[in-house]
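Please have a look at it first.

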Amino acid sequence: MSVLVGLIVMLGMLVIVPAGLRLADVPELERMRRLWPVFAVPGAVALWLPRGPTATVLALGYGLGAALLALHAPARVVRCPQPLLSWRTAPAEVALCTALMTPAVAATALVAERSGRPLFGFGLGILALTVPHFHFAGFAAALVSGLVSRVADSAAGRFAALSVPLGTLLVLIGYFIGDRAELAGAVVLTAGMWTVAFLTWRTVRPAARDRATRLLLAASAAVLAATMVLALSWALGEATGLPHPTLTWMAATHGVGNALGFALCSVLAWQRLNHPTTHGGRTA
């Protein structure tokens, strides 16, 4: 499972985060996007080294980049308060700020895990799984929910853009409070992600001009709907004692599905939507 988790985390670090920063279309993030490999490559290397000082130092390099990225969230609120005053645009802003902060949570877990030291009472296995979780259920999910909210200007779109960050926060709080609080977060997050999947299928996908983009959007919506069933079943089982998938099974199904089927397909599709190219003699 460690090899699988490492590959998933590398995808998040090296592909999903920088591509997502480009999709955010925020000028002040452009420099951060260009510099991101300086922080992400050491973090990716740290994944494959034995736990110890070298891996910890490299993980700290990634943590520095994630911290600098997280600082853009409060800075954006201070510099640009006007969008937050509009009930139409505020949800997308909340989703973007959440996306900017979640890699820092992942990086904190990575540093602790690579140093071989439990953090806040969590063992190394849980910390290792926290890293991909906050790259995909955190960064990618929040970013995509904000993008969907901008296109699907409706109550459902705003609900998705708010419930995904709220669900992510509740899941994080649930780590410290207990399984039932984590279940509440999983319910909120699942509701938001299902709404993202529904709006992607019904609103965003039909608006795409080329078949490849529509297929990518369809795949991301279908996979997202399925993987969140697994997430909900796992959280329910943890809270109630009912039979539920193991962490290894969750990594191989929910984890891989969210990374490849949802996050990667979504990023590729939104890049095509935001930067159309010509295919077969017509505009995509």
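How do the axes of helix H1 and helix H2 cross, and within what distance do they come? This is a predicted model, where local features need pLDDT of at least 70 and side-chain atom pairs count only at pLDDT 80 or more, while totals for chains, interfaces and linings use all residues. Residues are numbered from 1 along each chain as its sequence is written, and side-chain values use heavy atoms, without hydrogens and water.

To the answer: the axes of H1 (residues 2-24) and H2 (residues 30-46) come within 9 Å and cross at roughly 170°. That makes H1 roughly antiparallel to H2 (over 145 degrees; under 35 is roughly parallel). Axes here are lines fitted to C-alpha atoms over the stretch in contact, with angles from 0 to 180 degrees between N-to-C directions. Helices are DSSP runs (H or I, at least four residues), numbered from the N terminus.

On the H1 side, the residues that meet H2 include Met10, Leu14 and Leu21; contact means heavy atoms within 4.5 Å. H2 brings Trp36 and Val41, among others.

Next, helix H9 (residues 247-274): its axis and that of H1 come within 10 Å and cross at roughly 20°. H1 and H9 are therefore roughly parallel. Among the residues making this contact are Leu4, Ile8 and Val15 of H1, and Gly255, Leu260 and Trp270 of H9.

Last, Met193. Leaving aside neighbours within four places in sequence, Met193 is in contact with Ala141, Val164, Leu224, Met228 and Phe262.

Notes. Helices (H or I, at least four residues) and strands (E, at least two) are DSSP runs, numbered from the N terminus. Angles under 35 degrees count as roughly parallel, over 145 as roughly antiparallel, 65 to 115 as roughly perpendicular and the rest as oblique.
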